[in-house]
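Open the model in your viewer and switch to cartoon view.

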Amino acid sequence: MIRRLDTGEVIVQRVEECDTFWKRGRGLMFHRSLGKEEALFFVEKRESILGTSIHMLFVFFPIAVIWLDAQKRVVDKKLARPFRLYYAPQRPAQYFLEGHPSLLERVQIGDQLDWDNS
């Protein structure tokens with residue numbers, strides 16, 4: 001579960017951490033869609049623009065991408081469209097979420113998020 005730190009509001013209920021080479025490499029490629037309460041969660045070892053960039057090859061639906069810095073503060077957000085080659089945050093990020101496009105309405109740049117590590 002991912003929530004806003006200031007209000008406690010749940011942003012995403014079901015989160016799958018992409019913590020293996022296979023999961024990170026595959027991401028949402030060849031998936032059918034994501035529900036409003038589902039997201040993939042990626043963690044990098046350090047803040048980076050290039051290391052948190054994504055592609056949308058073989059992703060057949062638009063997604064929200066939310067990038068967070070090491071302090072878990074939202075540094076950028078974008079609507080990523082199918083089959084686009086490159087999306088990257090404007091500022092270095094250490095974490096990012098890929099979720100339903102409605103996620104963009106629930107999160108603002110500057111928000112601080114938190115999550116369960118269980």
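Strands here are DSSP runs of E, at least two residues, numbered from the N terminus. Keep in mind that this is a predicted model.

**Stop 1: the sheet of 5 strands.** Select β3, β4, β7, β5 and β6. They form an open sheet in the order β3-β4-β7-β5-β6. The pairing is mixed. Now find the edges: β3 (14-17) and β6 each pair on one side only. From one strand to the next, the twist averages 25°.

**Stop 2: β5 against β6.** Select residues 63-68, which are strand β5. β5 pairs with β6 in the antiparallel sense, over 6 bridges. Show Ile63 and look across: Ala80 in β6 stands opposite.

Stop 3: Follow the chain from β6 (74-80) towards β7 (93-99). Tyr86 lies in the loop between these two strands.

Stop 4: Select β2, β1 and β8. This open sheet has the order β2-β1-β8, with antiparallel pairing. β2 (10-12) and β8 (113-115) have a single partner strand each, so one side of each is left without a neighbour in the sheet. Neighbouring strands of this sheet are turned by 35° against each other on average, direction ignored.

**Stop 5: β1 against β8.** Select residues 2-4, strand β1. Its antiparallel pairing with β8 runs over 3 bridges. Which residue in β8 is the bridge partner of Arg4? Show Leu113: that is the partner.

Technical notes
Residues are numbered from 1 along each chain as its sequence is written. This is a predicted model: local features need pLDDT of at least 70, side-chain atom pairs count only at pLDDT 80 or more; totals for chains, interfaces and linings use all residues. Side-chain values use heavy atoms; hydrogens and water are left out. Helices (H or I, at least four residues) and strands (E, at least two) are DSSP runs, numbered from the N terminus. Two strands pair if DSSP finds at least two bridges between them. Axes are lines fitted to C-alpha atoms, for helices over the stretch in contact, and angles run from 0 to 180 degrees between N-to-C directions.
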